[in-house]
Amino acid sequence: MQKKLSKLATESADKGRWALAAAATRASVSDTVDDHINVLGAMHEVGLLKNSLAPFAKVWRDNASAFAAACATRLDQGDADYWALAALLGMKISDVVPAFIGMGFELQAITHVPAFKDPELHVATLARRQAGSPEVLTAPIDLGWNTKTGELLDVSRWRAVILDEYTREAPQLSGSGFGSYYMRAKLPFGCWRVLHDKFSLNADAAVVPDSTLWK
């Protein structure tokens, strides 16, 4: 693995991908889960495809639960930790959900996203809620997985969302509002960061959790 990381660092530096070069260099001498997350996230950020990430992900995600928990911890604490978000891509929804639920995130809704070329997705929106402010969602996380395989293909995070209008019929939330500090990562490629944007959960797209791979 050290040789692969050294090669990745050299090639990245040659192409001016300095953040990835630095992450790979550090991981070659400091073999921690945070280093692994940084490399996988940085690789996705520069547009490298799944086959390039696979040799590293196969080894570093051997303990999928621990890896997911490390990503979830970083996402809970950091508004701009894109690498922790992107490092979740390709994992199974069944391995990732327990990490967020165990940290106090609650399922707000699951929606269905049809697709023309890409696989159809089910997207779970999780967040912390404030008892006295039900219109506020803290650190919402969207986990979008292939409806057939459970592989995470589209993930995103907000700092916070404020709902202008909403309806809750447990466990589904629907409504609209706006959010701040949005970032999104998608397979096979795609990287977004937005200061603020509109937010919505469409009641017509709601899916009963028990009819999905959520459980």
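Are W158 and Y182 buried or exposed? In this predicted model, W158 is buried and Y182 is buried as well, where buried means under 20% relative accessible area, exposed over 50% and partly exposed in between, as found with a 1.4 Å probe on protein chains only. The model is a prediction in which local features need pLDDT of at least 70 and side-chain atom pairs count only at pLDDT 80 or more, while totals for chains, interfaces and linings use all residues. Residues are numbered from 1 along each chain as its sequence is written, and side-chain values use heavy atoms, with hydrogens and water left out.

**View A. W158, Y182 and F199 form one aromatic cluster.** Rings of Phe, Tyr and Trp (for Trp, its six-membered ring) pair if their centres lie within 6.5 Å, and planes under 30 degrees apart count as stacked, over 60 as edge-to-face and the rest as tilted. By this rule the count comes to 4 aromatic pairs. One of them, W158 with Y182, is tilted, at 4.3 Å centre to centre and with 45° between the planes. Because W158 lies in the loop between β4 and β5 and Y182 in strand β6, this pair ties together parts that are 24 residues apart in sequence; helices (H or I, at least four residues) and strands (E, at least two) are DSSP runs numbered from the N terminus. W158 and F199 make an edge-to-face pair, at 5.7 Å centre to centre and with 80° between the planes. That pair links distant parts of the chain, with W158 in the loop between β4 and β5 and F199 in strand β7, 41 residues apart. W158 counts as buried at 4% relative accessibility, and F199 counts as buried at 6%.

**View B. Strand β4 pairs with both β3 and β6.** Two strands pair if DSSP finds at least two bridges between them. The pairing of β3 with β4 is antiparallel over 5 bridges, and that of β4 with β6 is antiparallel over 4 bridges. S156 in β4 is the bridge partner of D142, and R184 in β6 is the bridge partner of S156. β3 and β4 form a hairpin with 5 residues between them, and G150 in the turn has a positive phi of about 80°. Since 6 of the 6 residues of β4 are buried, this strand is largely enclosed by the rest of the structure.

**View C. The largest pocket holds about 560 Å³ of space.** Of the 28 residues that line this pocket, V113, V123, D142, D154 and R184 are the closest to its centre. On a 1 Å grid over the protein atoms alone, a pocket is an open set of points where a 1.4 Å probe fits, with protein on both sides within 12 Å along at least five of seven lines, and lining residues have an atom within 4 Å of a point. Grid points are joined across faces, edges and corners, and the volume is the space filled by probe spheres set on the points. At least two lining residues are supplied by each of β1 (106-113), β2 (121-130), β3 (133-146), β4 (152-157), β6 (172-186) and β7 (191-201). The lining divides into 15 nonpolar, 7 polar and 6 charged residues, where Ala, Val, Leu, Ile, Met, Phe, Trp, Tyr, Cys and Pro count as nonpolar, Asp, Glu, Lys and Arg as charged, and the others, Gly among them, as polar.

**View D. The second largest pocket holds about 190 Å³ of space.** Its lining has 13 residues, of which L8, E11, M43, S52 and F56 lie nearest the centre. The elements that give two or more residues to this lining are α1 (2-14) and α4 (50-60), and the largest share, 5 residues, comes from α1. The lining residues divide into 6 nonpolar, 2 polar and 5 charged.

**View E. K186 lies in strand β6 and V161 in strand β5 (residues 160-169).** K186 is buried, with a relative accessible area of 17%. Leaving aside neighbours within four places in sequence, K186 is in contact (heavy atoms within 4.5 Å) with H44, L89, D118, L153, D154 and W192. V161 is buried, with a relative accessible area of 0%. V161 and E135 are 26 residues apart in sequence and 8.1 Å apart in space, C-alpha to C-alpha.
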